[in-house]
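Please look over the structure shown here before reading on.

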Amino acid sequence: MADTSHPKTSVDLSSEDIHWKQDMSYGSYLQLDNLLAHQNPVSEHHDEMLFITIHQASELWMKLCLHELGAAMTHLAADNLGPVFKGLSRVAKIQANMQQSWEILSTLTPTDYASFRDALGQSSGFQSFQYREIEYRLGNKNAQMAEAHKDVPARYERLQSVLNTPSFYDLSLQLLAQRGFDIPETALDRPWRKPYEASEKVEAAWATIYRETEKYWDLYELAEKLVDLEHHFHLWRFAHMKTVERIIGYKRGTGGTAGVSYLVKALDLRFFPELWTARTGI
């Protein structure tokens with residue numbers, strides 16, 4: 001016999017023990033009144049809200065990335081690799097989520113963006129201090145990049161502090177040395193604010209770890225977590241570049257860079273170079 005009942009259009013809450021009054025509500029815990037008060041377009045164009053939301057959400061995800069990287073670096077320095085693996089896995093997932101944000105932003109057409117781009121002035125993602133700190137933490141120690149933040153002393157001093165401390169990769173190489181691998185002194189005791197220079201001995205160490213995985217399983221897992229992290233970072237960079245190309249073509253960036261051609265250069269950068277070159281000879 002056919003079911004003649006009508007589909008439900010609402011949920012019956014009579015049997016639920018709903019807390020209609022709360023000591024701490026969802027909104028107060030998340031401070032939503034403050035959070036949602038800061039999406040303020042400077043133009044009257046409809047699509048600027050999308051642009052603001054995407055970038056603000058990305059900054060929140062970057063804040064979480066820094067939170068996880070900081071904790072993972074502390075555990076790495078103590079040779080406590082379990083929490084390091086968890087933290088790096090989480091960061092890679094965050095990066096995958098951030099990559100999807102470019103898919104949403106790509107619904108912005110060239111005409112849409114052009115209608116409010118001039119209102120942005122010289123503001124640019126190039127000036128994201130959190131993104132800069134992530135790159136410094138991972139090893140892209142380009143000190144000149146910090147100059148964009150010199151007018152905000154607290155941010156500038158923080159970036160200088162990060163520049164002058166070992167990166168995630170520096171700590172990884174220090175761990176390899178502690179475990180008995182022949183890591184050159186130039187990789188272990190150097191000016192931390194300078195860019196890292198690849199070493200054949202470091203490449204040989206990673207190659208040994210990959211060839212003898214059962215003997216060095218936790219270091220092998222560390223290597224793969226680092227590769228996964230950088231892999232997702234490159235996908236994010238590529239998606240960023242293609243989205244910019246799709247929306248503004250080859251115009252200069254609002255922050256003064258060459259735009260797409262500048263972003264293409266960034267695709268060649270490596271945080272953990274020997275983890276990639278070691279693969280050729282394995």
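1. The structure is a predicted model, in which local features need pLDDT of at least 70 and side-chain atom pairs count only at pLDDT 80 or more, whereas totals for chains, interfaces and linings use all residues. Residues are numbered from 1 along each chain as its sequence is written, and side-chain values use heavy atoms, with hydrogens and water left out.

2. The largest nonpolar core holds 62 residues, and those touching the most other members are Leu138, Phe168, Leu173, Leu176, Ile183, Trp206 and Leu275. Helix H11, residues 217-248, gives the most to this core, with 13 residues. Here a nonpolar core is a set of buried Ala, Val, Leu, Ile, Met, Phe, Trp, Tyr and Cys residues joined through side-chain atoms within 4.5 Å; buried means under 20% relative accessible area, exposed over 50%, and partly exposed in between, with a 1.4 Å probe and protein chains only. Helices (H or I, at least four residues) and strands (E, at least two) are DSSP runs, numbered from the N terminus.

3. Leu173 deserves a separate look: once its neighbours within four places in sequence are left aside, Leu173 is in contact with Ile183, Ala187, Leu188, Tyr196, Val202 and Trp206, where contact means heavy atoms within 4.5 Å.

4. For the aromatic residues, a search of the whole structure finds 15 aromatic pairs. Rings of Phe, Tyr and Trp (its six-membered ring) pair if their centres lie within 6.5 Å, and planes under 30 degrees apart count as stacked, over 60 as edge-to-face and the rest as tilted. One of these pairs joins Trp102 and Trp236, which is tilted, with 5.6 Å from centre to centre and 55 degrees between the planes. Since Trp102 lies in helix H4 (residues 81-105) and Trp236 in helix H11, the pair ties together parts that are 134 residues apart in sequence. Both Trp102 and Trp236 are buried.

5. Phe271 and Phe272 also form a tilted pair, because their ring centres are 5.9 Å apart and their planes stand at 50 degrees; both Phe271 and Phe272 are buried. Ring pairs link a cluster made up of Trp102, Tyr131, Tyr169, Tyr196, Trp206, Phe233, Trp236, Phe271 and Phe272.

6. Which residues lie over the face of Trp276? Arg270 does, at 4.3 Å from the ring centre, and so does Arg279, at 5.7 Å from the ring centre. A charge sits over a ring if NZ of Lys or CZ of Arg is within 6 Å of the ring centre and within 35 degrees of the ring normal.

7. The structure holds 12 salt bridges, each being a side-chain nitrogen of Lys or Arg within 4 Å of a carboxyl oxygen of Asp or Glu. Arg132 and Glu135 meet in one of them, at 3.2 Å from N to O, and, being three residues apart in helix H6 (residues 129-138), they are separated by about one helical turn.

8. Asp218 forms a salt bridge with Arg179, the closest N and O atoms being 2.7 Å apart. Because Asp218 lies in helix H11 and Arg179 in the loop between helix H8 (168-178) and helix H9 (185-188), the pair ties together parts that are 39 residues apart in sequence. Asp218 is partly exposed, with a relative accessible area of 26%, and Arg179 is partly exposed as well, at 33%. Asp79, Arg179 and Asp218 are linked in a network of salt bridges.

9. Arg279, already named beside Trp276, also meets Glu224 in a salt bridge, at 2.8 Å from N to O. Arg279 lies in helix H13 (residues 273-281) and Glu224 in helix H11, so the pair ties together parts that are 55 residues apart in sequence. Arg279 counts as partly exposed at 31% relative accessibility, and Glu224 is partly exposed, with a relative accessible area of 31%.

10. Just after H3, Asp79 takes a positive phi of about 55 degrees. Ala78 is found in the loop between helix H3 (48-77) and H4, and Ala78 is exposed, with a relative accessible area of 55%.
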